Amino acid sequence: MRRGNAYRVPIGGRRREGGLYGMRMTAGYGERRRRPWPLLFAVLLLGSFLLLAYIVASYAVYDTLSSVSGTCHPADVDNTPEHFTAAGIDEAVTDAYAMPAPQEVEFHSRDPKHPELMLRGWWIPGRMPTSPAVILVHGVGSCRRDPNVLMAAGMLHRHGFGVLLMDLRDHGDSDDEDLRFAGGTEEYLDVLGAWHWLEEQGGVSEERIGIAGMSFGAATTVVAGGEEPRVQAVWEDSSFADMDQAIRDYLVREGYPTILAPGGELAARIVAGDDLTARGPLMEIPNYTGRPLAIVHGLADTTLSPHYAEQLRDAAEAAGVDLRDFWLVPGSEHTRAVLEHPDEYESRIVEFFTQTLGTP
């Protein structure tokens with residue numbers, strides 16, 4: 001055992017660093033370390049603000065895209081099968097496709113979550129009791145009074161087809177669910193409700209029933225035909241291909257960052273319980289293998305890009321779909337081909353459904 005002051009600190013001397021006592025002096029009496037809490041608090045505050053801003057902006061995007069009024073477009077409220085008009089089109093043109101007074105009909109959606117939903121439409125039988133029939137489906141924010149579906153119906157009817165013009169849920173005279181459009185992921189069940197009514201009440205055999213849709217109604221129609229293999233033929237005019245891509249393209253067109261797309265889709269799940277990407281035209285195309293499909297799109301469309309039609313065509317060719325008609329219409333805006341090129345449109349749609357459903 002060592003003696004003396006070997007471990008003592010000399011009077012007036014400096015304590016050596018690194019020894020036991022030095023460590024205590026440094027930790028206990030040295031300069032205090034700076035606390036990081038103010039910086040962390042600022043970061044958390046900024047993060048919370050950015051998250052809140054993202055949530056609000058995402059909801060605004062979803063609300064803008066999905067909200068519908070539950071009524072027809074104001075310009076179309078007076079349109080009927082007997083007489084209808086269209087902006088920029090001479091009445092003599094639309095009058096040529098006037099139809100007889102329709103039967104008002106009601107039927108239920110095939111939606112198991114909303115079996116009480118009552119849908120309404122106009123039924124105009126074909127020339128013969130055995131004539132084939134086509135269901136006409138309007139776009140978002142529109143209804144069966146839209147001149148583009150009335151025009152297409154008139155073209156088919158004057159060649160002997162029966163036509164059923166329907167109002168989707170939350171549109172026109174049909175019941176409202178939540179006044180939100182779900183991109184076709186729910187509405188396709190409304191279209192299948194119309195298909196079922198034609199078979200059960202309209203007296204049309206299933207192999208003689210086709211569907212034609214415009215815009216988002218076209219997307220809904222493609223989904224309906226993909227989910228119900230007994231649908232014989234589908235004519236789609238101006239559909240999107242993939243909903244996620246359509247949302248992103250909308251954001252770019254309106255000057256919003258595309259990072260809001262996932263937030264908008266999440267808002268749909270939270271607010272309305274809708275999974276906007278659960279079903280879509282592009283993913284349904286393989287279900288059409290061996291069945292007939294027609295794709296129409298205006299090359300001047302600024303609402304839904306004609307590139308979507310090319311995507312659907314490529315998918316159809318890869319899946320072995322019976323693509324009977326693929327028509328990119330020069331100079332036509334969104335769903336305007338039926339109004340601006342009536343002669344060719346009539347020839348094509350009548351030929352398509354005659355080949356696929358049989359002669360009226």
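**Close-up 1. Five aromatic residues gather into one cluster.** In this predicted model, a single aromatic cluster is made up of Trp235, Trp327, Tyr345, Phe352 and Phe353. By the ring-pairing rule, the count of aromatic pairs comes to 7. One of them joins Trp235 and Phe352, a tilted pair with ring centres 5.7 Å apart and 55° between the planes. That pair ties together distant parts of the chain: Trp235 belongs to strand S6 (residues 233-237) and Phe352 to helix H12 (residues 342-357), 117 residues apart.

Close-up 2. Trp235 has 0% relative accessibility, so it counts as buried. Phe352 is buried too, with a relative accessible area of 2%. Now look at Phe352 together with Phe353: their ring centres are 4.9 Å apart and the planes meet at 70°, which is why the pair is called edge-to-face. Phe353, like Phe352, is buried.

**Close-up 3. Strand S3 is tucked away inside the structure.** Take the strand at residues 133-137: 5 of its 5 residues are buried, so S3 is largely enclosed by the rest of the structure. In a regular strand, side chains alternate between the two faces of the sheet. You can follow that here, with Ala133, Ile135 and Val137 pointing one way and Val134 and Leu136 the other.

Close-up 4. Strand S4 (residues 162-166) runs parallel to S3, and 5 bridges join the two. If you want a landmark, find Ile135, which stands opposite Leu164 in S4. To get from S3 to S4, the chain goes through helix H4 (residues 147-157), and this β-α-β crossover is right-handed. S3 also pairs with strand S5 (residues 209-214), again in the parallel sense and over 5 bridges. The landmark for this pairing is Ala133, whose bridge partner in S5 is Ile209.

Close-up 5. H2 covers residues 37-66, and at 1.5 Å a residue its 30 residues should span 44 Å; the end C-alpha atoms are 43 Å apart, so the two values agree. Its buried residues are Ser58, Val61, Tyr62 and Ser66. They pack against helix H7 (243-254) and helix H8 (260-272).

**Close-up 6. Two arginines sit over aromatic rings.** Arg144 lies over the face of Trp122, 4.5 Å from the ring centre. Arg291 takes up a position over the face of Tyr288, at 4.6 Å from the ring centre.

Note on methods. Residues numbered from 1 in each chain as written. Predicted model: local features only at pLDDT ≥ 70, side-chain atom pairs only at ≥ 80, totals over all residues. Heavy atoms only, no water. Helix = DSSP H or I, 4+ residues; strand = E, 2+ residues; numbered from the N terminus. Expected span 1.5 Å × (residues − 1). Buried < 20%, exposed > 50% of the residue type's maximum accessible area, 1.4 Å probe, protein only. Contact = heavy atoms within 4.5 Å. Pairing = 2+ DSSP bridges. Right-handed = clockwise from strand over helix to strand, strands pointing away. Phe/Tyr/Trp six-rings, centres within 6.5 Å; stacked < 30°, edge-to-face > 60°. Lys NZ or Arg CZ within 6 Å of the ring centre and 35° of its normal.
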